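Colleague: I am new to this model. Please take me through one part of it closely, and then show me what surrounds that part.

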Amino acid sequence: MEKIMLGFLGFAFIFVLAIPGGFRAQMQSSSPHLPRGTATDISSSEIDALVRRVAAVRVSDQAIRVASIGGEYNVGVSVVSRLKTSGKEAPSGIEHAQITEIYHVISGNGTLVTGGSLVDPKEVPASNEVVTLLNGPSTDGSGIQNGVSRKIGPGDVVIIPPNTPHWFSEIPTDKIVYLVVRVDPHKILPAGYVAK
């Protein structure tokens, strides 16, 4: 049976190669293409400048761009910087109702907690920049119960789906800096935003 299947696949491959080039091109050109978009560039110097500007801020989440992807969804890119925490600081948490976040650690280390449930959940006010620019509708909490902890550092990537509580319970280095890509399928973030 395997020999028959391999023989058939080999025949199909040779058949495709035997199709005249013009006919193959015509077959390919008849399939519809989605409209082409424009690439969005963000330089490392732009990211570095934002990190330097907020060097002394305990927690800074700076939106860099929000791009519309063919009018179908938006993608936001931010850089986050968090200063070292001490053991006495109470952990808190947040979750976002419609946005998927992708963290890529640039420098530093931390313990990221995800999942579980928020303790004392409270909706973030609709006028807050967390909602209007960064993440859309969100909920804060005084902590996270039954979450999963993991240590992350430079080069690590974590994908956090909507409605997933998350928080850094510990940052043992001077700071942790990470890039956040926010996937916005509902187009609630302000497409066209560019950091000033």
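Where does Val66 lie?

Modeller: Val66 lies in strand 1. Some ground rules come first. This is a predicted model, so local features need pLDDT of at least 70 and side-chain atom pairs count only at pLDDT 80 or more, while totals for chains, interfaces and linings use all residues. Residues are numbered from 1 along each chain as its sequence is written, and side-chain values use heavy atoms, with hydrogens and water left out.

The protein has four helices and 13 strands. Both are DSSP runs numbered from the N terminus: helices are H or I with at least four residues, strands are E with at least two.

Back to Val66. Its relative accessibility is 4%, so Val66 counts as buried. Buried means under 20% relative accessible area, exposed means over 50%, and partly exposed is in between, with a 1.4 Å probe and protein chains only. Across the protein, 34% of the 196 residues count as buried.

What does Val66 touch? Leaving aside neighbours within four places in sequence, Val66 is in contact with Asn74, Val75, Gly76, Leu189, Pro190, Ala191, Gly192 and Tyr193. Contact means heavy atoms within 4.5 Å. Take Gly192: it is 126 residues from Val66 along the chain, yet their C-alpha atoms are separated by 5.6 Å. For the whole protein, among contacts between residues at least 6 apart in sequence, 78% join residues at least 24 apart.

Now the strand itself. Strand 1 is joined to strand 2 (residues 73-83) by 10 bridges, and the two run antiparallel. Strands pair if DSSP finds at least two bridges between them. Along this pairing, Gln62 stands opposite Val79 in strand 2.

Next, the nonpolar cores. The largest has 12 residues, including Val80, Tyr103, Phe168 and Tyr178. A nonpolar core is a set of buried Ala, Val, Leu, Ile, Met, Phe, Trp, Tyr and Cys residues joined through side-chain atoms within 4.5 Å. Strand 4, strand 11 and strand 13 each give two or more residues to this core. Strand 13 gives the most, with three. Val80 touches Ser60, Asp61, Ile176, Val177, Tyr178 and Val180, not counting residues up to four places away in sequence. Apart from this core lies another, of eight residues, among them Leu50, Ile64, Val77 and Leu179.

Last, the aromatic rings. The whole structure holds three aromatic pairs. Rings of Phe, Tyr and Trp (its six-membered ring) pair if their centres lie within 6.5 Å; planes under 30 degrees apart are stacked, over 60 edge-to-face, and the rest tilted. The rings of Tyr103 and Phe168 have centres 6.5 Å apart and planes at 10°, so this pair is stacked. Tyr103 sits in strand 4 and Phe168 in strand 12 (residues 166-170), 65 residues apart. Both Tyr103 and Phe168 are buried. Tyr103 and Tyr178 have ring centres 4.6 Å apart and planes at 35°, so that pair is tilted. Tyr103 is in strand 4 and Tyr178 in strand 13, so the pair ties together parts 75 residues apart in sequence.
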